[in-house]
Number of protein chains: 2
Amino acid sequence: MGSVRAGAVRDAAERLRGRVHRTPVLTCGALQRLAGRRLLFKCELFQRTGSFKIRGALNAVGNLVEEAERAGRERPRAVVTHSSGNHGQALACAAREEGIPAYIVVPRTAPCCSKQAAIRAYGATLVPCEPSDESRAETAARVVQETGGVMVHPNQEPAVIAGQGTIALEVLEQAPEVNALVVPVGGGGMIAGIAVAVKRATRLVWERMKLLIEPTAGVGVAAVLSKQFQAVPREVENVCIVLCGGNVDLSSLTWLTDLPGDGD
Amino acid sequence: MGSVRAGAVRDAAERLRGRVHRTPVLTCGALQRLAGRRLLFKCELFQRTGSFKIRGALNAVGNLVEEAERAGRERPRAVVTHSSGNHGQALACAAREEGIPAYIVVPRTAPCCSKQAAIRAYGATLVPCEPSDESRAETAARVVQETGGVMVHPNQEPAVIAGQGTIALEVLEQAPEVNALVVPVGGGGMIAGIAVAVKRATRLVWERMKLLIEPTAGVGVAAVLSKQFQAVPREVENVCIVLCGGNVDLSSLTWLTDLPGDGD
């Protein structure tokens, strides 16, 4: 992972001004009582494209365009990534705004879900690969070569990381009292595999906050409700959980409804 | 239905100050484009008890208490209503805040859903009745007599109506440009019977706005997206839809997921 200067995050915030939503920070009495600590929820599920990933994608694409302009080079011919999820959607959206073609590499075996439909709706091209890390990387490299495009890695590209970092700046402006920020870094993608604790946390947010978060966002909520989190010192009084996204495939919700001990 | 003075609504707003949430008004580009008009969404799904009904219930119970105090009478011994839904929950909550017992009459055949669990969680007593309008009214009248309580009708009690009316005052403060307010008056209660258009509208709000509205709220959205609404003059430019509640039973969502033409 490339290193990211604090200055790069401030530059990103400048670049994103007016192009992303300043999502609200909400509270919930019921969840706060369960956690035994003040909780604040940064609602990135309301963000453009349904997740915070648009921050990184817009910053990365904007950065590429600015660099080309500064150097007197032509703009990137294409942007490429491998992600069947929120980063893929975000990059497709960001590229369309700059009028640059986007190619999104997705495993052949990925369910033909609403996220892929959204990627296509943004005018990007889906490129199938085999379901292995090698095939994913190789296919992306091949597409980069064939299109003369630029790879925008979902989580190793410094401009992407700087873009996502703007959430922290925004939270500190909106709620300076925050002592800790909980940001899920994944774990909800594979619905079949997600832990019951995460499903329960996700469902709790649906029921009590009426917010349609995706399970990855539930990971953060499960964390602050866990026994282990009780050991975090009391000085960490105000905890902000980033509800990172709300892209749920509504055609099948059995993962949520078929919970053990349902109806309690 | 009793008549309600505008003054009664302002009195209600005063009585409710600090006791209900000032819920946000949100917008959604995607839905706005579909409607071809500016849409504003008053998010009463975030309201206490998960629906706007707490406004009417708190106002009615508060009014009863104030009247008794003014007349030097004792406070009501109980409040009674028939509603297995949001008004039942709201009255249970409002009564608890005043320390008054609440009795909620519900049909024996009503599904033992999350709303009844919530009513019980507020400390109210559920009283079963037969599934007919007569039995409902008779049972409520009997409970009133037995408990020495006061009936708080879900939609014919003037203090309830005045309380719900505070939504309009609030919307006009938050968005003075609003030309029309769309408030569903029901129709989502019987899930099996709700129209496909309402289900689709509900799902659209889940997908695009990430808001977990209940189907009754979808009724208002379906209305503004309907062909008939296109005939409303263009001068009605800014339309506010009250997303009246978010109390969805998450143990079964097949009514939402099994839509014809799913996956488009």
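In this predicted model, W206(B) has 0% relative accessibility and therefore counts as buried, the cut-off being under 20%. W206(A) is likewise at 0% relative accessibility, so it counts as buried. W255(A), at 8%, is also on the buried side of that cut-off.

In one of them, the ring centres of W206(A) and W255(A) are 6.5 Å apart and the planes stand at 85 degrees, so the pair is edge-to-face. W206(A) sits in helix α8 (residues 196–209) of chain A and W255(A) in helix α11 (residues 254–257) of chain A, so this pair ties together parts 49 residues apart in sequence. A further edge-to-face pair joins W206(A) and W206(B), at 6.0 Å centre to centre and 85 degrees between the planes. This pair crosses between chains, from helix α8 of chain A to helix α8 (residues 196–209) of chain B. Through ring pairs, W206(A), W255(A), W206(B) and W255(B) are linked into a cluster.

The relation between the chains comes next. Chain A superposes on chain B by a rotation of 180 degrees with 0.0 Å of shift along its axis, at an RMSD of 0.0 Å. The two copies are thus related as by a two-fold rotation axis. Of the interface residues of chain A, 100% are also interface residues in chain B, so the copies meet through the same surface.

Within chain B, helix α1 (residues 6–16) packs against helix α3 (residues 53–71) at about 90 degrees, with the axes 10 Å apart. α1(B) is therefore roughly perpendicular to α3(B).

Terms used: Residues numbered from 1 in each chain as written. Chains lettered and ligands numbered in written order. Predicted model: local features only at pLDDT ≥ 70, side-chain atom pairs only at ≥ 80, totals over all residues. Heavy atoms only, no water. Least-squares fit on C-alpha atoms with pLDDT ≥ 70 in both. Contact = heavy atoms within 4.5 Å. Axes fitted to C-alpha atoms, helices over the stretch in contact; angles between N-to-C directions. Helix = DSSP H or I, 4+ residues; strand = E, 2+ residues; numbered from the N terminus. Parallel < 35°, antiparallel > 145°, perpendicular 65-115°, else oblique. Phe/Tyr/Trp six-rings, centres within 6.5 Å; stacked < 30°, edge-to-face > 60°. Buried < 20%, exposed > 50% of the residue type's maximum accessible area, 1.4 Å probe, protein only.
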